[in-house]
Amino acid sequence: MRLVGEENLDDLAVGAAILGTGGGGNPYIGTLLAKQAIREHGLVELVSVDEVPEDAVVVPSAMMGAPTVMVEKLPRGDEIIRAFKALQEFLGKKITHTVSIEAGGLNSTTPFSVAAHMGIPLVDADGMGRAFPEIQMVTPTMYGVSATPMALADEKGNAAIIETIDNRWTERLARSLTIDMGCTAMIALYGMDGRMLKEAMVPGTIGLAEELGALIREARTSHGDAIGAVLKRLDGFRVFTGKIADVARRTETGFARGEAKIDGAGDDAGSTLELRFQNEHLVALRDGEIVVSVPDLIIVLDAETGEPITTEELRYGFRVTVVATPCDARWRTDAGLALAGPRYFGYEIDYVPVEERFGAWRAS
């Protein structure tokens, strides 16, 4: 256990944007909300999964919707607390811990707001080890944990509780509600006890995000290789370096969808890399050939500073380096690939781990 204050959140937000693979919501907005909550209510107790009692009542908290909308439609600030309290009242018992549903952007800092406001510990874990666009795409789904009852709240004061027959239906119905709420909502869901938390969640990701942010900050201060530091820590690959030549981005069915084309520079001159995303980056194609795909992480970094660039921040002319890192091993199982493999997103290819696919391409 350790106490986390405002001074820890800037590093954490940068690292969360790395693990978020382009999605998870704008980390800047989430950091401001979390800092305000800590300033008003005190430090947050961050605990490891091993420190959570087996009979604990643990509820993840997050933002749902299109990250591009969140940049323009700012939250009021109390939505997540209203969603959390609504679910607690529905359950009829006190929620003892909160946790991040995904290691990404705003959704890694949102739980700090809840923990500070509610005076409960935050667990150093998440449900993905990265970010994915749909509610059912979490490791707890593989363990039979239900996403519902689930609470949603918006900035206008609306709130809802839903119960569904399975987690895919949770995504479908919650997405419809979120669209009606203006394409963003704050949510509380996937309630579980401490025993299931230990089995189903990905441990240590909040600490990892903070560590990654610190690596970039320290490398920049010492004029070191920030991208190299990130790759070493995550056992990743430097896939492509170049300048963004075009970005096509749109909000459809509650998601930020689009493509970004990057013209190669240096060793990659003469080639083009295309990124396709649905909130998060799904595939990377070099000269039309897929070289990385979900569920592995595809991350866009500023080529000079190493700072992560989210999908809503991609702009023409940015000089970037695209890197890829292995996902949590559970996503590589049949159950994991059925939830979030390339075929689920409509890409008729077999998943190949990044270290095999990229290594084979590099060897050729």
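Modeller: Happy to! Keep in mind that this is a predicted model. Let's begin with Arg 233, which is partly exposed, with a relative accessible area of 35%.

Biologist: Which side chain does Arg 233 meet in a salt bridge?

Modeller: The side chain of Glu 211. The N to O distance in that salt bridge is 2.8 Å. The pair links distant parts of the chain, with Arg 233 in helix 10 and Glu 211 in helix 9, 22 residues apart.

Biologist: What about Asp 328, what does its side chain meet?

Modeller: Arg 330, in a salt bridge at 3.0 Å, N to O. Asp 328 counts as partly exposed, at 22% relative accessibility. Arg 330 counts as buried because its relative accessibility is 18%, and buried means under 20%. Elsewhere, salt bridges that share partners join Arg 250, Glu 252, Arg 257 and Glu 259 into one network.

Biologist: Nice. New topic: where is Leu 234?

Modeller: Leu 234 lies in helix 10, which covers residues 226-234. At 12% relative accessibility, Leu 234 counts as buried.

Biologist: What is Leu 234 in contact with, leaving aside its neighbours within four places in sequence?

Modeller: Its contacts are Ile 18, Leu 19, Leu 208, Leu 212, Thr 325 and Pro 326. Take Leu 19: it is 215 residues from Leu 234 along the chain, yet their C-alpha atoms are separated by 9.8 Å.

Biologist: How do helix 1 and helix 5 pack?

Modeller: Two packed helices are described by the angle between their axes and the distance between the axes. Helix 1 (residues 6-19) and helix 5 (residues 106-118) pack at an angle of about 145 degrees, with axes 8 Å apart.

Biologist: Which residues meet there?

Modeller: From helix 1 there are Leu 9, Leu 12 and Ala 16, and from helix 5 there are Ser 108, Thr 109 and Phe 112. The residues of this contact divide into four nonpolar, two polar and no charged.

Biologist: And Lys 35, is it buried or exposed?

Modeller: Lys 35 counts as buried, at 17% relative accessibility. Its place is in helix 2, residues 27-41. Not counting residues up to four places away in sequence, Lys 35 touches Glu 6, Leu 9 and Asp 10.

Biologist: Which residues form a nonpolar patch on the surface?

Modeller: Met 1, Leu 3 and Leu 43 do, with about 330 Å² of accessible area together. Leu 3 lies in strand 1, residues 2-4.

Biologist: Last topic, the backbone. Where are there cis peptide bonds?

Modeller: One joins Thr 148 and Pro 149, with omega about 5 degrees. Pro 149 is in the loop between helix 6 and strand 7. The peptide bond from Val 294 to Pro 295 is also cis, with omega near 10 degrees, and Pro 295 lies in the loop between strand 16 and strand 17. For background, most residues other than glycine have a negative phi, and most peptide bonds are trans.

Biologist: So what is phi for Tyr 190?

Modeller: Phi of Tyr 190 is near 55 degrees, a positive value. Tyr 190 is in the loop between strand 9 and strand 10, and counts as buried at 0% relative accessibility.

Biologist: And what is phi for Asn 279?

Modeller: It is near 65 degrees, a positive value in a residue other than glycine. Asn 279 lies in the loop between strand 14 and strand 15 and is buried, with a relative accessible area of 4%.

Note on methods:
Residues are numbered from 1 along each chain as its sequence is written. This is a predicted model: local features need pLDDT of at least 70, side-chain atom pairs count only at pLDDT 80 or more; totals for chains, interfaces and linings use all residues. Side-chain values use heavy atoms; hydrogens and water are left out. Helices (H or I, at least four residues) and strands (E, at least two) are DSSP runs, numbered from the N terminus. Buried means under 20% relative accessible area, exposed over 50%, partly exposed in between (1.4 Å probe, protein chains only). Contact means heavy atoms within 4.5 Å. Axes are lines fitted to C-alpha atoms, for helices over the stretch in contact, and angles run from 0 to 180 degrees between N-to-C directions. Ala, Val, Leu, Ile, Met, Phe, Trp, Tyr, Cys and Pro count as nonpolar, Asp, Glu, Lys and Arg as charged, and the others, Gly among them, as polar. Patches are made of residues with over 30% relative accessible area and no salt bridge: like charges are joined within 9 Å, nonpolar side chains (Val, Leu, Ile, Met, Phe, Trp, Tyr) within 5 Å. Accessible areas come from the Shrake-Rupley method with a 1.4 Å probe; for residues, only the protein chains shown count as cover. A salt bridge is a side-chain nitrogen of Lys or Arg within 4 Å of a carboxyl oxygen of Asp or Glu.
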